[in-house]
Amino acid sequence: MSDADTAGTDDGPEMVQINLRLSKAFLENIDATWQEEGFNSRSEFLRYAARDAVKHPAFSREGWKQIAASEHDLRSGTAELVSREDVVEMMDRDEDDE
């Protein structure tokens, strides 16, 4: 690794630069997402996403797909938010059925 690949800062840990190949369409989706979500940069967003994946490795890819689909449904207006009380009630009903 060359010195150009790392950067030490007084504020935190040493940062290491990596290269990542993505399709142009996927990169465009990433760029739209980080900007919509209020991140300061693409790098900040990708660090956040990677950190989250490492912190929660047990959360399955299918779980993330379900969250993404639900988020899409909410944004497109094809789904409604459910209150905490409604969720608790639904869980109670499921337990009663067992």
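A pocket is an open set of points on a 1 Å grid over the protein atoms alone, where a 1.4 Å probe fits, with protein on both sides within 12 Å along at least five of seven lines, and its lining residues have an atom within 4 Å of a point. The model is predicted, and local features need pLDDT of at least 70, side-chain atom pairs count only at pLDDT 80 or more, and totals for chains, interfaces and linings use all residues. Residues are numbered from 1 along each chain as its sequence is written, and side-chain values use heavy atoms, with hydrogens and water left out.

The second largest pocket holds about 440 Å³ of space. Of its 13 lining residues, Val16, Ile18, Ser43, Leu46 and Arg47 are the closest to its centre. Strand β2 (15-16) and helix α2 each give two or more residues to this lining, helices being DSSP runs of H or I with at least four residues and strands runs of E with at least two, numbered from the N terminus. The largest share, six residues, comes from α2.

The axes of α1 (residues 24-36) and α2 (residues 42-55) come within 9 Å and cross at roughly 95°, where axes are lines fitted to C-alpha atoms over the stretch in contact and angles run from 0 to 180 degrees between N-to-C directions. Helix α1 is therefore roughly perpendicular to α2, a term that covers angles of 65 to 115 degrees. In this contact (heavy atoms within 4.5 Å), Leu27, Ile30, Asp31, Thr33 and Trp34 of α1 meet Arg42, Phe45 and Leu46 of α2.

Helix α3 has 16 residues and reaches 22 Å from its first C-alpha to its last, close to the 22 Å expected at 1.5 Å a residue, the expected span being 1.5 Å times one less than the number of residues. Just after α3, Gly77 takes a positive phi of about 85°.

Key
Parallel < 35°, antiparallel > 145°, perpendicular 65-115°, else oblique. Points joined across faces, edges and corners; volume = space filled by probe spheres on them.
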